[in-house]
Amino acid sequence: MAKKKCAAFTAAIIVAFSALSASLAFFSGCSASLNYILNPETQTYSVTCSGYRPALSGELEIPATYGEDNLPVTEIAENAFAGSAITNLVIPASVIKIGEKAFNGCAYLSRITFPENGSLKSIGGQAFRGTGVSTLTIPATVEEIGVAAFADSSSLTAASFASGNKMTKVPQSMLAQSKMLAFAGLPQNCEEIGPLAFLGCTSLETITLPKTVKVIGPKSFQGCTKFSSITLHDGITTIGELAFYETALSEITVPASVTDIYKPVLDEDGNPEKDEEGNPVTRKTAGIGYGAFHTCEKLKTAKIYANIEAIEAGTFGYCPALESVYLPATIKKVNGPIYYTNGKLFVGHAFHNCPALKDIYFSGTQFEWTQIAVDKSHDSANGGSYNNNAFLAAQVHYI
């Protein structure tokens, strides 16, 4: 019986070893090559990788033309070289579009060469996510960039847009979690910084906003733990929720151009909805979103000149160094918490855990101050204590 078990065990080892040897032989013999797909309507080619992508390594220079007729190569296909081991990428002037995830996960890719006078217009979502590129300049010709196109770039220290680039928005999550990023230049005509654009860029200390910027999107600088200064110029209208959450700002001035925006709610046919009395139904976008400066542990002074009606939940939550706040006469409410609980998000009272808050400078009258509705509830969610007590106890100065 023992001999049979021993024989069976030996046979199993031989089978496993044989399978492993076959597998190693397969991968060691794998290769990859460029594959070109003709678009008969446009008489142009897109390029992709066929075979075992990780086998493709070293420099990759995409040819400008292909075939006997030398037709132009205008597109790099979706997922074309994702996960390959290329180290250097040269893109020809003929390429107009780079597809989604085309170079996603190319961890060894350290350099991208875009042509000076190229035709590139579109870079797909996650196209270069998770690469090892150290510097990046978006060509002036680029008009569209997808979500998270350059996110998780482990070695990226500087990113900018070439002079003449006409993009008006930094796309959502464009450079998110690029933890070495120390410099970021925006398009000269930029009007909006998209949601999560610089989320978790822990080496970014500041950024210069063009005068054209109007919107700073939700979570755009969240988790930029070294981000210590920014100038918000007159003309900015909206600061999204959690925009500067967990940054190192020591002071902030919000200009009067920041305002609550009310837009009509449309029905499925695109017509404005109305209430029972026939009045248009509107939806509010807060000028300063909830939690905008939450967990800014170094923030000492906040000057809010914005045309807003409320200090939303968690706006200055857990700002333990906050000593003084300037508020406009337009303020009517100081709000309380927002919950998700199981879904995690919990913002807390507008001024929760602000033990250093001593002075509030209010641009309205004493009567207007007494009319402000302050959320006076108390909460002990997640083991902490949340309330607006610091705000209620602060000395009010009428200016």
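**Ground rules.** I number residues from 1 along each chain as its sequence is written, and side-chain values use heavy atoms, without hydrogens or water. Since the model is predicted, local features need pLDDT of at least 70 and side-chain atom pairs pLDDT 80 or more, while totals for chains, interfaces and linings use all residues.

**Aromatic pairs.** I paired rings of Phe, Tyr and Trp (its six-membered ring) when their centres lie within 6.5 Å, calling planes under 30 degrees apart stacked, over 60 edge-to-face and the rest tilted. That gave me 18 aromatic pairs. I found Tyr326 and Tyr361 stacked, because their ring centres are 4.5 Å apart and their planes at 15 degrees. Tyr326 is in strand S23 (residues 324–327) and Tyr361 in strand S25 (residues 359–362), so this pair ties together parts 35 residues apart in sequence. For helices (H or I, at least four residues) and strands (E, at least two) I took DSSP runs, numbered from the N terminus.

I also looked up Trp369 and Phe391, a tilted pair with 5.5 Å centre to centre and 35 degrees between the planes. Trp369 lies in helix H2 (residues 366–370) and Phe391 in helix H3 (residues 389–393), so the pair ties together parts 22 residues apart in sequence. Both Trp369 and Phe391 are buried (under 20% relative accessible area; exposed is over 50%, partly exposed in between; 1.4 Å probe, protein chains only).

**Strand S10.** S10 pairs with S12 (residues 158–161) in the parallel sense over four bridges; pairing takes at least two DSSP bridges between two strands. Ile138 has Phe161 of S12 as its bridge partner.
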